[in-house]
Structure formats: structure tokens, C-alpha cells
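Subject: Two-chain model for you to look at

Hi,

Here is the structure I promised to pass on. Please open it first, then read my notes below.

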Amino acid sequence: MTRTVLVADDEPDIRFMATLQLRRHGWDVIEASDGDEAAQAVARHELDAMVLDHRMPGRTGIVVARGARASGFGGPIVLFSAYLNPDIEAEAAEIGVRTLGKADVATLAEALDAAG
Amino acid sequence: MDQMLAASAPDDTESSWLTTRIEALTDAAVAIHTPSDVPGVLRRLGERAANIIGSERAVVSLTRPGEGPGERWSQASFQVSPDGETSDELPEACAEPLFDAVCEGGRPLRLSGDELSARPDRPTSRGPHLPYASWLAVPLVASDGSSLGLVHLCDGDDRTFTEVDQALLVHLAQVAAIAIEKTQLQADLATQEASRFREELLSGISHDMQTPLAAIVGLAEMMASEPLPPEEERTEIQQTIARQARSLRGLVQQFLDFSRIESDRPLLVRPRPTDVVAAVDRVVSLFQHHRELVVGVSQDLPEAIVDPDRLDQILANLVSNAVKYSEAPIRIVARSDRDRVVIDVVDEGPGIEEDELDRLFDKFQRGRTAAGTSGTGLGLYITRALIETQSAELAVHSNPGVGSRFSVSLPAADAG
């Protein structure tokens, strides 16, 4: 059975690249272009994993992740950003969210497998 | 000083002499604290000292501690003549031993002509300017007690410096020493601030570069690995790589331009007849994935005299700003207006307040609503420089709460 992943990023080209890459690795992809859309997708869909940009309009990535964990989502979550301040890194670690530098987004699929 | 005043009942002339002197000292203090660089302070000190005390010549010099003879007194020196002329001249080498003595002693030195001739370390030659007949020198002492340099007055054979002259000079020297330390502190602060700006800029640019790099690396690796992406995806992949590469180039160009502007070098521009419609198409293709763009182009629009690469840069900056600050569609209009070709970029964003308008084109300005978005705050600063370096104009109209319109006006190619 194919697994479904949510890709949330406000940069269309990053979404495009992430979506293609994850599809090549056998994932079904649902896209969101900001934090609020992402939160809606979490509520609406049965997701197996999430890939979230941190800096987005609306809710930030960590807020979306926090909400998903709070409502019982146990699957892998990857949070990426050009720079994450230490507080956010710490919170991510606490709620089982793997962080990734923006420049490393090319290795997204591996990061997702490792987070699982 | 108190004893002196009490000893003789001040009559009118003495009172007014004192008042005049005190007023002159106050004036001098203000003047000495005005310049924002050390040479300025030294120059003012010399002028005022020569003027208030009434000497033929004043020499002000800073010292470089730890340096050998001939090098110690080579920093910032001025000779002030009675007609107010200053010249940047090094104190004569033969005066150095006496200067050293003053600074090492940390106390004023006042010598009559005879006393001067009796000293073994007296200057051995008469310079072209200095009569070396009567001598007064006061060290400039920093707040930690170290010697910064000295101020030295000299005069002709018929003049001997008095105790009052010395007291006046000590006062002026002290004011100057404080002013020197103050300007040095200000210079340090300015350097630190410049450093901080540079760091923030570099950090901002490397931050902004990560998105295009991520897209390019991810997509290029896909094209280079097995299995090759399906035919129908390949075109879009290649176009995305090209688009992000141009975006990256734009960032680098921005940094290079900023460096040139900062070091006062001219920006490289080659204005020539340019197809404005094609330029609008290029900026549309850059941003159409980000935001709905509504384009309007007049019929038979003439070419404009402008550097096409720089026009791309200007339009990309204006549209990128509009995208950043507004969710609504953005209108791009290219039209002719008499002998000009005008391109408007219109957004329905928050608009720009009066006070922000003044700073809009300054470096490192970000909009009030910019929090959370990337950007170096240099776009409009560089855009303005690009406009000014060609015969172009940039006008801003904004209505807070309604939107903004940025209009680039270029000379039409076939004017007249």
C-alpha cells in the first residue's frame, strides 16, 4: 500500500522538487502552500508522514508539527529551514521531529526514511 | 587662581578681561568638540590656542608611543600661523627631544629664551618658521593618564609666555584630549556598526541562496540519476532549474552591485535600445508561479534606451517586493507617455506610510510587514542606484491600506 506524505512549503519550486523526489521514492504526495493549509490537510487526510518548511505564511512548521503530534500523529515528521534557532531545535527533538537544513532538501527522501 | 582673584579687588578692566577670556575658552571648547575626526580637533586646538593666547605659531601633534626617534611624532600634526593658515607639517626633528621630555613628564613646560638656550635638549637649528625664542608646551593627557601628544606655542624674542598663558593652554589641551578620545570612540562605534551590517548582509544572502540551491541540486540530481524522470516531467524540471539558477545569479549580482555602490565604484551598465515587452515577459515567467500576474502592454510600444539585464534586475526587484507584501494579484503595465516608456508595477498590499517612504530607498530597509520573509533590504537601494546611473526615473505612489504603484520611466528609443 502506498504511503501518503504532506509537503508544505510556500516556495512553489521547492514544493515541485520535493514532490517529484518523494514520488520517485514511492510516496503519494499532498501539497500545501502555507501553514494553515498544512494544518487543514493534517485534519482532513490520513497521512503517513509530513515534510514541513518552517518559515511559511500562516502557522509556522513547528506549530503545524506540534498540532499534529498533539492530535496523536505518530508518523515521521521532517522540519526544514535555512536556520532554526536553538529553542525550535530543542522543541523538535522533544516531539520527535527531525530537522533538516534547507540546503539539504535534496536528501529529503532519505531523511524521511531515517525519521521513520 | 582663587587667591589671585581675592588678592586684588577686580576693577572693571580686570573683570572684563577675565570675562572675555572665559568666554573665549567656552567658545573654544565648543569649537574643539565640533569636528568628527581627530585632525579636525587638532586643527581647532591650534587655531584657538594661537588666537586666545596670542602666539605667532602653534604646533599640535599626536605621538605614537613605542616608536623610535623620527617616527614618534609623525601622526597628525598641524602648524597654525597667525593669519589662521594651517599646514600639515611634521614637527621639525630637532624639536623632538623637548617634545619627548614634555610627554614623558606629563606636565607643561614653559621656557624663556634664556632658559631654552641653556637646555642640552634644545632645538639646535632655527626652522624657517619657528623663532624658538620663547617656548610653551602642554601635553594632551588621556583619561587613563597616558600622553596622546602635545600642543606647543612659540613666539618671537620680545615675548615670554606667562603663568596665565600656561593655565589657558592647559585648559584648552584638556578639552582637546577629551574631544580626541570622544572622536576615537565614535569611530570605533561606526566601524562596529558597519561590521554588523556586513555580517547581517552576508547572513541574509547566504540564507536566501539556500532555496534556489536546494531546488537546483535536488532537480539536477534527479536528471542525472536512474531512472530518468518521465518525458512529461523533464521540461518542467529543466525550466525550474534554469529559473532558480537565474534567481541565484540575481542574488550574487545584488551582492556585487552593493559592494560597488559601497566602495563608490560606478555600476556597470550598457544602455541600448531594448524591447520592454520582452523584459516584462521575462519577469512574468519568473514570478507567475508565485502569484497571479495581470499584464497590460500598449500597442506599438517603442523600444526604450536601457541596459536590458539591469531592466530585468529592476523589474525583478519591484515584482518581488510586490509579491512579498501582497497576496492579491499584481498588475504589470507597460505604456508610452510622450517620449518615455513607462512600466508600472501595481500591488494591493498594505501600502507604504509617509515616514516609510522617506527611508524606502535606504539600505537595509525592510517593510513593516516583512517579518518572516527572506530578504536583505537592499533591493530598492540597488534599484535606485541602477535608475540613477541611466537616464531613468522611478516614482512611487502609495495609499496605505489600498496598495502601491512603482513606475519606472525610461527614454524611448525613437524619441524626436
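One term before the rest: contact here means heavy atoms within 4.5 Å. Bear in mind too that this is a predicted model.

Start with the sheet in chain B. It is an open sheet of five strands, in the order β8-β10-β11-β13-β12, and the pairing is mixed. β8 (293-297) and β12 (393-399) of chain B are the edge strands, and each pairs on one side only. On average, neighbouring strands in this sheet are turned by 15° against each other, direction ignored.

Inside that sheet, look at β11 (residues 340-347) and β13 (residues 403-411) of chain B. They pair in the antiparallel sense, over eight bridges. Ile343(B) has Val408(B) of β13(B) opposite it.

Which helix lies across these strands? Helix α9 (residues 308-325) of chain B does: it lies across β8, β10 (330-337), β11, β12 and β13 of chain B. Its angle to β11(B) is about 25°.

Next, the helix pair in chain B. Helix α2 (residues 12-33) packs with helix α6 (residues 163-223), both of chain B, at an angle of about 20°. Their axes are 9 Å apart. Angles under 35 degrees count as roughly parallel, so α2(B) and α6(B) are roughly parallel to each other. The crossing of α2(B) past α6(B) is right-handed.

The residues from α2(B) are Trp17(B), Arg21(B), Leu25(B), Ala28(B), Ala29(B), Ile32(B) and His33(B). In α6(B) they meet Val164(B), Leu168(B), His171(B), Leu172(B), Val175(B), Ala176(B), Ile178(B), Ala179(B) and Lys182(B). By class, this contact of α2(B) with α6(B) has 12 nonpolar, two polar and two charged residues.

Now chain A. Its open sheet of five strands runs β2-β1-β3-β4-β5, with parallel pairing. β2 (27-32) and β5 (97-101) of chain A are at the edges with a single partner strand each, so one side of each has no neighbour in the sheet. Neighbouring strands here are turned by 20° against each other on average, direction ignored.

β1 (residues 3-8) of chain A runs parallel to β2(A), and six bridges join them. Leu6(A) has Ile30(A) as its bridge partner in β2(A). Helix α1(A) lies across β1, β2, β3 (49-53) and β4 (77-81) of chain A, at about 165° to β2(A).

Last, the interface. How many residues of chain B are in contact with chain A? There are 24, and they touch 15 residues of chain A. The area buried between the two chains is about 1,800 Å², with 62% of it from carbon and sulfur atoms. Gln210(B), Thr211(B) and Met222(B) supply 29% of the area that chain B buries against chain A, more than any other three residues.

One helix pair spans the two chains. α1 (residues 12-24) of chain A packs with α7 (residues 231-262) of chain B at about 140°, with axes 11 Å apart. α1(A) and α7(B) are therefore oblique to each other. α1(A) passes α7(B) in a left-handed crossing. From α1(A), the contact takes Asp13(A), Phe16(A) and Leu20(A). From α7(B), it takes Glu233(B), Glu236(B), Ile237(B), Thr240(B), Arg243(B) and Gln244(B). The residues of this contact of α1(A) with α7(B) divide into three nonpolar, two polar and four charged.

Best wishes

Methods:
Residues numbered from 1 in each chain as written. Chains lettered and ligands numbered in written order. Predicted model: local features only at pLDDT ≥ 70, side-chain atom pairs only at ≥ 80, totals over all residues. Heavy atoms only, no water. Axes fitted to C-alpha atoms, helices over the stretch in contact; angles between N-to-C directions. Helix = DSSP H or I, 4+ residues; strand = E, 2+ residues; numbered from the N terminus. Parallel < 35°, antiparallel > 145°, perpendicular 65-115°, else oblique. Left-handed = near helix turned anticlockwise from the far one by under 90°. Nonpolar A, V, L, I, M, F, W, Y, C, P; charged D, E, K, R; others polar. Pairing = 2+ DSSP bridges. Buried area = accessible area lost by both parts, 1.4 Å probe.
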